Amino acid sequence: MYLHKLGIEGFRCFGKTFDVDFMEGLNVVVGENGAGKTAIISAIRQLFHDSESGRFSVTSDDFFSPSSLAERPQHLFLFQLSLTGWM
C-alpha cells in the first residue's frame with residue numbers, strides 16, 4: 001500500500017486545492033524556494049501523526065494567509081488522500 005494522491009487546501013501556501021500524485025516507490029519533491037515542498041511534507045506528517053497525547057500540533061501559521069488582497073485567509077484546512085495497493 002502506498003500514498004497515491006494527496007489533496008491540500010487552505011494549508012500554509014496552498015489557498016486553493018492543490019493535488020500531488022505519487023508513484024509506487026521512491027518519490028522526490030523538487031521546486032523553487034517558496035513553492036510548497038515543506039508544506040507537502042508537513043501535510044503528510046499531519047495525516048500520519050501518531051502521538052500518545054492524541055493531539056495534533058497545529059498553529060496559526062499552518063492556515064493559508066494570502067500575500068495579496070485578491071485572496072482570502074483560510075480558517076480551516078483540508079487534506080484528502082488516496083491509498084493504492086491494498087492486498
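Student: Hi! Where is F11 found?
Tutor: Hello! In this predicted model, F11 is found in the loop between β1 and β2.

Student: And is F11 buried or exposed?
Tutor: F11 is buried, and its relative accessible area is 0%.

Student: What is F11 in contact with, apart from its neighbours within four places in sequence?
Tutor: With those neighbours set aside, F11 contacts A39, S42, A43, D62, F64, F77 and F79.

Student: Which residue forms a salt bridge with D62?
Tutor: That partner is R12, and the closest N and O atoms of the pair are 2.9 Å apart. The bridge links distant parts of the chain, with R12 in the loop between β1 (2–9) and β2 (18–21) and D62 in the loop between α1 (37–47) and β3 (78–84), 50 residues apart.

Student: Remind me, what lets side chains pair up like that?
Tutor: In general, side chains that carry opposite charge can pair when their charged atoms come close.

Student: How many salt bridges does a search of the whole structure find?
Tutor: The search finds 1 salt bridge.

Student: Why does D62 count as buried?
Tutor: Because its relative accessibility is 4%, and buried means under 20%. R12, on the other hand, is partly exposed, with a relative accessible area of 30%.

Student: What else is D62 in contact with, leaving aside neighbours within four places in sequence?
Tutor: Besides R12, the contacts of D62 include G10, F11, Q46, S57 and F77.

Student: Q46 makes me think of the helix. Which residues of α1 are buried?
Tutor: The buried residues of α1 are A39, I40, S42, A43 and Q46. Looking down the axis of α1, you find these within an arc of 165°, so they line one face of the helix.

Student: Why would residues a few places apart point the same way?
Tutor: An α-helix has 3.6 residues a turn, so residues three or four places apart point the same way.

Student: What about the face of α1 turned away from its buried side?
Tutor: That face carries the exposed residues T38 and R45.

Student: And what covers the buried residues of α1?
Tutor: The cover includes β1, β2 and β3.

Student: Changing topic: which residues make the nonpolar surface patch?
Tutor: L26, V28 and V30 make that patch, which comes to about 400 Å². L26 is in the loop between β2 and α1, and with a relative accessible area of 79% it is exposed.

Student: Let's zoom out. How many helices and strands are there?
Tutor: The protein has 1 helix and 3 strands, and from the N terminus on they run β-β-α-β. The C-alpha trace spans about 45 × 35 × 20 Å along its principal axes.

Student: How much of the protein counts as buried?
Tutor: Of its 87 residues, 22% count as buried. The protein exposes about 6800 Å², and carbon and sulfur atoms supply 53% of that area.

Student: Last one: among contacts between residues at least 6 apart in sequence, how many join residues at least 24 apart?
Tutor: Of those contacts, 55% join residues at least 24 apart.

How values were computed. Residues are numbered from 1 along each chain as its sequence is written. This is a predicted model: local features need pLDDT of at least 70, side-chain atom pairs count only at pLDDT 80 or more; totals for chains, interfaces and linings use all residues. Side-chain values use heavy atoms; hydrogens and water are left out. A salt bridge is a side-chain nitrogen of Lys or Arg within 4 Å of a carboxyl oxygen of Asp or Glu. Helices (H or I, at least four residues) and strands (E, at least two) are DSSP runs, numbered from the N terminus. Buried means under 20% relative accessible area, exposed over 50%, partly exposed in between (1.4 Å probe, protein chains only). Contact means heavy atoms within 4.5 Å. Patches are made of residues with over 30% relative accessible area and no salt bridge: like charges are joined within 9 Å, nonpolar side chains (Val, Leu, Ile, Met, Phe, Trp, Tyr) within 5 Å. Accessible areas come from the Shrake-Rupley method with a 1.4 Å probe; for residues, only the protein chains shown count as cover. The arc is that of the directions from the helix axis to the C-beta atoms.
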